[in-house]
Amino acid sequence: MKDPKKPGGEPLKVAVAGLGTVGAGVLKLLAANRATIAARAGREIVVTAVSARNRDKDRGVSLDGVAWFDDPVAMAKEADADVIVELVGGSNGPAKASVEAAIDAGRAVVTANKALLAHHGSALAARAEAKATPLAFEAAVAGGIPVVKGLKDGLAANRIDRVVGILNGTCNYILTTMRETGRDFDDVLADAQALGYAEADPSFDIDGIDAAHKLAILTSLAFGTEIDFGNVHVEGIRHITALDISYAEELGYRIKLLGIARRTDTGIEQRVHPCMVPKASAIASVEGVYNAVIVEGDAVGQVAFRGRGAGEGPTASAVVADLIDIAAGRASAPPLGVPAALQAKAEPAQMAEHIGSYYVRLSVVDKPGVFAAIATALGAEDVSMESVLQHGRHPDGPVAVVLTIHETTEGAFMRALDRMRHVDGVLDQPRAIRIEAV
Ligand code: HSE
């Protein structure tokens with residue numbers, strides 16, 4: 001019997017679960033670039049079935065002749081389709097059930113679902129391998145940027161040592177707008193939501209979870225390890241103030257929410273948190289809703305990807321690229337680059353052993369001796385100061401003092417921070433931001 005997943009003239013039949021912005025975008029892109037896509041795929045790609053919650057909603061696409069399913073899991077089992085495109089979202093529920101049902105039925109799967117892959121990606125990859133069916137997910141990481149294929153294919157010869165990314169457009173938009181306008185966080189968040197880039201639950205964006213989902217997938221692709229979302233150190237951007245952003249400017253930095261995966265002597269470091277990066281660095285100039293990923297390989301050196309990480313066009317571009325690969329019979333298996341049986345469990349590096357530089361902002365009483373006590377607190381943990389900044393004078397009142405700290409271990413820095421908090425004359429919890437060389 002002819003294998004429908006192999007090229008050879010017959011159309012590739014596709015069922016799409018989830019007809020939101022991205023789902024409708026996929027249908028529009030398949031129609032708009034039909035001839036180009038067919039030429040590259042070696043055959044037509046046709047949508048034969050869809051599933052969504054509301055049948056009556058006008059999505060600006062024709063569904064004539066397309067089978068409708070209320071239940072994506074039923075569609076994954078029963079539709080007349082070679083491929084199931086999962087755009088339902090969520091790490092469990094119908095998204096997971098429909099992907100599993102599709103794999104078990106021997107159908108190829110394309111998904112944009114980073115939460116699903118962060119939590120269950122290694123198990124799903126093993127399941128797809130066992131069925132010898134493609135599981136493709138270019139759209140799950142950094143939207144339109146082809147970084148999944150970049151790591152799996154283009155950079156496959158390299159030992160990768162570090163991946164650094166701006167992986168959440170909502171956070172990058174918020175931080176950029178705060179810097180450009182001097183407005184504070186809450187005010188700008190509302191704008192970002194109105195732009196339609198934010199997750200259904202915006203805390204996934206601003207608390208760093210969305211970026212951590214994507215980082216966990218990139219880590220696996222980069223290091224050949226099992227996806228290990230549980231060991232990503234995650235901090236979001238809620239506590240970043242307009243004041244920190246202006247001090248960063250003064251010190252020659254920009255603040256970015258970065259996802260960083262790094263091979264260290266003690267294991268794999270995975271962290272998502274706000275960072276100060278040198279203004280002159282390439283990543284500092286990635287602004288607004290743009291995403292960027294920088295990969296460092298032993299043979300290739302540094303490779304930078306930059307582009308739109310969300311939205312209808314960029315995400316549909318990635319989904320359809322996966323469909324073209326499947327239609328052309330070149331959807332590279334295994335899904336995570338390394339066969340599941342050969343994937344090592346990641347040995348997580350401990351954050352306390354992370355070595356880095358730091359920015360600290362303290363609110364202190366402006367009186368003699370406070371600064372000496374702060375310096376003593378740092379010295380007690382063998383932590384060395386690089387610079388100190390205080391503007392203005394407010395005798396016996398609160399003033400902001402900003403320190404930058406030379407490279408030290410995170411453990412020593414955190415102990416020094418605790419000591420500083422307890423110095424007589426230091427008001428409030430000191431604010432710290434890691435400085436990252438990119
Ligand atoms: N909420 C995500 C972002 C969208 O802002 O980047 C794509 O994952």
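**Exercise 1.** How far from an oxygen atom of the ligand does a polar side-chain atom of Lys-214 lie?

*Solution.* The model is a predicted one, in which local features need pLDDT of at least 70, side-chain atom pairs count only at pLDDT 80 or more, and totals for chains, interfaces and linings use all residues. Residues are numbered from 1 along each chain as its sequence is written, and side-chain values use heavy atoms, with hydrogens and water left out. For Lys-214, the distance between the polar side-chain atom and the ligand oxygen is 2.7 Å. The protein covers 93% of the 260 Å² of accessible area that the ligand has on its own (Shrake-Rupley method, 1.4 Å probe).

**Exercise 2.** Find which helices each supply at least two residues of the shell around the ligand, and describe how the shell residues divide.

*Solution.* First, the residues around the ligand, which have a heavy atom within 4 Å of it, include Lys-114, Thr-170, Asp-210 and Lys-214. Next, the helices (DSSP runs of H or I, at least four residues, numbered from the N terminus) that each supply at least two shell residues are α7 (169-181) and α10 (209-223). Finally, the shell divides into three nonpolar, four polar and five charged residues, where Asp, Glu, Lys and Arg count as charged, and Gly is among the polar ones.

**Exercise 3.** Identify the buried residues of helix α11 and the residue that follows the helix.

*Solution.* Within α11 (residues 242-251), Ala-242, Asp-244, Ile-245, Tyr-247 and Ala-248 are buried, meaning under 20% relative accessible area with a 1.4 Å probe and protein chains only. After α11 comes Gly-252, with a positive phi near 90 degrees.

How values were computed: Buried < 20%, exposed > 50% of the residue type's maximum accessible area, 1.4 Å probe, protein only. Polar contact = N/O pair within 3.5 Å; in protein donor to acceptor, adjacent residues only side chain to side chain.
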